[in-house]
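Walk through this model from the whole chain down to single residues. Keep the structure open while reading.

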Amino acid sequence: MSDFLLRIVRPLVGLVLFAIALVALDHQLHDQTLGIVIDKLRAIPASVLAIALVLTAASYATLTLNDLLGLRHAGRRLPHSRTMLTSFIAYVFSMDLGLTVVGSSAIRFRLYSIWGLSPADVAQVVGFTSFTFFVGILGVGGPLWTGIALPLPDILHLPIETTRPLGGVLLAAAAIYLIWRVSGERLMSIRGFELTAPSLQNTAAAFVVAAMDWFLAAGVLFTLLPSAPGLDLLTFVAIFMACQLLGLLSTVPAGLGVFEGIAVALLAPFLPAAEVLASLVAWRILYYLLPVFVAIFFLAAIESLQRRESLIRLRDLASQVGPAIVPRLLAVGVLVMGLLLVITGAFPTAPSHAGLLGSVVQGPWVGIPHMVSIVVGLGLVLLARGIQQRVDVTYALVLGLLGLGSVAVLLRGSHVLLTVGLVALFVSLLPCRSFFYRTASWAPLSIPREWLVLISMALLGVMWLGFWADRNLSEAQGLLPRVGSPAEFATAQRAALVALVVFMGYGVWRLTRPGGAAPGPAGIEELERAARIVEKSPHASSHLALLGDKSFLFSEGDEGLLMYGVAGRSWVSMGDPMGPPEVRSELAWQLRELSDRQGGWPVFYEVGPSELPLYLDLGLSLHKLGEEGRVMLSGFDLEGSSRKGLRQTRRRAERDGCSMEVIPKQDVTSSMDELARVSEAWLGGKNTREKRFSLGAFDPGYLERMPVAVVRVDGRIVAFANLWLGADKREVSPDLMRFSPENSPSGVMEYLFVELMLWAKEAGYEQFNLGMAPLTGLSDHRLAPAWSRVGTLLFRHGEHFYNFQGLRRYKEKFDPVWEARYLASPSGLGLPRALAHVSALVSGGFRGIVAR
């Protein structure tokens with residue numbers, strides 16, 4: 001629940017902080033114009049820019065020391081050049097782009113694996129770099145905010161007036177950590193993961209590195225600002241850290257907009273807003289934009305050098321890795337270009353290009369390029385999600401918008417670099433058509449919260465830029481067609497345009513959702529094909545394919561079969577695929593590819609240990625569900641003291657007139673009415689309804705495909721169980737086990753079990769499958785995964801929900817051999833989603849989960 005609330009609250013907090021930052025900017029820039037800001041930007045001396053560039057390089061070099069310390073913490077060594085290069089690229093992608101999909105962890109895992117580190121080593125390095133950031137906040141921010149006590153802007157409406165209380169909290173947190181660490185503790189538990197705390201020596205080194213980085217990073221912006229009375233370096237570092245922290249909390253990539261709004265407000269007592277904003281623009285270019293190009297160059301060079309031996313290997317690698325990485329990188333490019341088009345579209349035409357623009361378009365059409373720029377930009381922002389999802393229609397739409405945007409930018413004015421970027425992205429997309437293989441869907445709209453917040457921020461930013469630009473009519477002249485209207489009318493036009501684009505965006509978002517209608521249950525012909533494969537399967541549970549509620553994947557030549565159902569975005573395989581080993585692997589990958597084309601993911605439910613390496617190859621995580629019990633029939637009898645209870649049950653049932661009979665499948669139809677009455681009575685007594693998918697259901701067409709064991713009393717059927725018979729007499733398993741509560745003597749189902757085992761042994765079967773005991777065999781060790789410990793807790797104390805322990809004890813009386821059963825699903829939140837979707841399939845929908 002806390003994770004769920006966090007996922008809802010974090011985007012909202014980011015949106016609120018962004019809005020507050022815009023209000024702060026608007027307040028501080030009330031008497032300023034765009035021309036003033038541009039003049040201040042051009043007035044920054046080249047020597048100052050050079051010094052800021054040197055400090056930027058020093059800051060990033062200092063950041064790379066974190067990875068060197070992380071390797072020392074992990075007990076590994078690499079050449080400094082490789083470590084620093086990996087660290088630089090990782091920090092640029094995570095800090096400057098703020099994207100988790102291509103963030104620091106992914107980059108570090110990729111590059112450090114090239115240099116020979118194991119995933120466990122890389123995880124320790126990643127953990128240490130995160131630790132260093134918090135050490136810097138506590139160790140540097142705490143003393144600065146306590147000693148300097150920055151006054152916080154009233155517009156933030158915070159319960160504190162200065163940073164001093166926050167600084168005190170940070171100092172207290174740092175003291176608590178040091179006391180805990182000095183006491184000898186080494187292990188930290190974070191969300192169920194046990195991490196080794198750095199040594200005191202590494203902690204001290206991390207503090208020094210973090211302090212150096214904060215002062216160097218702040219020094220870049222401090223150098224770009226004009227000198228101001230009363231603004232010393234320590235005060236500015238305190239202001240800089242406050243802006244960075246609020247930018248981080250906003251979840252906006254690189255804190256864009258939030259950092260600027262807070263910085264302008266906090267620096268208002270020292271400098272005019274126009275000078276601060278001009279310095280911030282230069283700082284963004286030097287500290288954020290330029291390193292991105294450098295990092296991309298180095299990353300491409302490393303990848304190329306790693307494969308310089310063979311162009312064929314490079315081609316093979318691209319075909320394997322490309323579909324996973326390239327669309328994500330292209331989506332980043334589309335999103336960035338869209339935002340730049342939206343932002344620059346709100347500004348007036350450059351004076352140097354006004355003559356060119358006037359010669360091309362006349363009168364009210366002068367504002368058309370600006371309108372097109374905003375529309376195209378917002379379209380690209382909306383379509384970036386479809387590029388990431390690899391939707392075919394989105395590919396064509398983005399190419400068209402990039403071409404249209406390039407023309408609009410050229411007509412608008414001196415945005416040559418933006419035009420180059422749009423053309424470069426267009427050219428990059430052209431050879432990538434094969435990556436976009438998912439068909440579009442007009443299913444109901446589902447926009448991820450992060451994208452919804454990002455789009456909202458873009459719209460807010462555009463509206464604010466429009467209001468600001470229109471404050472000075474001469475500056476805004478030509479921005480939109482006015483036909484003699486005042487500036488306020490142009491602002492209203494812009495707002496109406498934004499509303500129109502939002503309305504259009506609704507349709508675009510629906511279009512860019514991958515997938516289509518999920519496949520329905522198999523037809524009669526497919527069921528017959530499946531029945532022939534099931535007859536050859538030694539696993540009794542294969543008969544679940546005959547329920548008629550699943551879809552099928554067949555191997556070539558019908559050697560194997562995979563049965564699955566779709567709930568939400570989970571494509572759930574019931575059990576392991578059937579068939580020879582090579583066929584099972586082929587079918588599992590087919591499900592992986594099929595679900596991926598539809599924008600979903602595969603889930604394998606109640607699978608055995610033999611195929612676990614296959615599911616790991618599919619990129620899935622494994623979670624133990626419980627254990628399945630099998631009775632070895634060769635050693636089963638009713639002799640000895642341990643079987644005394646079973647003998648008594650059998651004799652008591654026989655005295656009550658019970659007898660067991662196995663009805664062949666060809667004769668089941670004649671007894672169907674009696675079986676139906678018993679089933680209805682059982683369902684009524686349990687106050688429940690039919691389940692499906694992983695459990696059999698009372699369906700005449702299904703029951704007629706297999707023999708049924710019945711218990712009769714005075715000739716009437718009072719209990720029954722349909723039987724799954726494995727090929728080659730490997731095993732037999734009861735499926736539906738139902739009895740009439742009113743007409744059945746006590747212990748009738750245990751009697752049926754005993755008689756069935758004796759019957760199966762006499763018929764030559766090897767094993768009797770008792771089914772699964774959920775949540776058994778899970779570890780409750782303090783280092784065990786959180787799922788395992790929660791499962792153990794439910795097993796011991798969850799009697800209110802399900803009789804876990806009672807079911808296990810009941811099956812134990814038959815002395816079974818237990819074998820683990822697993823769920824293979826995507827990692828992270830994939831587990832709860834997979835469990836919810838499986839429950840929906842079993843219960844006949846999400847509503848059935850809560851209804852009996």
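Of the 852 residues of the protein, 49% count as buried. The model is predicted. Its secondary structure comes to 30 helices and 15 strands. Sequence separation says something about how these parts meet. Take the contacts between residues at least 6 apart in sequence: 74% of them join residues at least 24 apart.

Start with helix packing. Two packed helices are described by the angle between their axes and the distance between the axes. Helix α3 spans residues 46-74, and helix α8 spans residues 200-224. The axes of α3 and α8 come within 8 Å and cross at roughly 165 degrees. Angles over 145 degrees count as roughly antiparallel, so α3 is roughly antiparallel to α8. The crossing of α3 past α8 is left-handed. Sorted by class, the contact of α3 with α8 has 17 nonpolar, 9 polar and 2 charged residues.

Now turn to α3 and helix α6, residues 119-148. Here too the axes come within 8 Å, and the crossing angle is roughly 130 degrees. That value lies between 115 and 145 degrees, so α3 and α6 are oblique to each other. α3 passes α6 in a right-handed crossing. Which residues of α3 and α6 meet? On the α3 side they are N66, D67, L69, G70, L71, H73 and A74. On the α6 side they are D121, Q124, V125, F128, T129 and T132. By class, this contact of α3 with α6 holds 5 nonpolar, 6 polar and 2 charged residues.

Next, the aromatic rings. The count comes to 23 aromatic pairs. One of them is F240 with W283. Their ring centres are 5.8 Å apart and their planes stand at 80 degrees, so the pair is edge-to-face. F240 lies in helix α9 (residues 233-249), while W283 lies in helix α11 (residues 273-306). The pair therefore ties together parts that are 43 residues apart in sequence. Are F240 and W283 buried or exposed? Both are buried.

F604 and Y615 give another aromatic pair, and this one is tilted. The rings are 4.6 Å apart, centre to centre, with 35 degrees between the planes. F604 belongs to strand β8 (residues 601-607), and Y615 to helix α22 (residues 612-617). The two are 11 residues apart, and the pair links distant parts of the chain. F604 is buried, and so is Y615.

Ring pairs also build a cluster. Y60, F88, F133, F134, W214, F222, F236, F240, W283, Y287 and Y288 are linked this way. F240 and W283, the edge-to-face pair described above, both belong to that cluster.

Finish at D576. Where does D576 sit? It lies in the loop between β7 (570-574) and α21 (581-597). The relative accessibility of D576 is 24%, so this residue counts as partly exposed. Buried would mean under 20%. Leaving out residues up to four places away in sequence, D576 touches V607, G608, E611 and Y615. Y615 is the tilted partner of F604 from the ring pair above. The C-alpha atoms of D576 and Y605 are separated by 7.9 Å, although these residues are 29 residues apart along the chain.

How values were computed:
Residues are numbered from 1 along each chain as its sequence is written. This is a predicted model: local features need pLDDT of at least 70, side-chain atom pairs count only at pLDDT 80 or more; totals for chains, interfaces and linings use all residues. Side-chain values use heavy atoms; hydrogens and water are left out. Axes are lines fitted to C-alpha atoms, for helices over the stretch in contact, and angles run from 0 to 180 degrees between N-to-C directions. Helices (H or I, at least four residues) and strands (E, at least two) are DSSP runs, numbered from the N terminus. Angles under 35 degrees count as roughly parallel, over 145 as roughly antiparallel, 65 to 115 as roughly perpendicular and the rest as oblique. A crossing is left-handed if the near helix is turned anticlockwise from the far one by less than a right angle, and right-handed if clockwise. Contact means heavy atoms within 4.5 Å. Ala, Val, Leu, Ile, Met, Phe, Trp, Tyr, Cys and Pro count as nonpolar, Asp, Glu, Lys and Arg as charged, and the others, Gly among them, as polar. Rings of Phe, Tyr and Trp (its six-membered ring) pair if their centres lie within 6.5 Å; planes under 30 degrees apart count as stacked, over 60 as edge-to-face and the rest as tilted. Buried means under 20% relative accessible area, exposed over 50%, partly exposed in between (1.4 Å probe, protein chains only).
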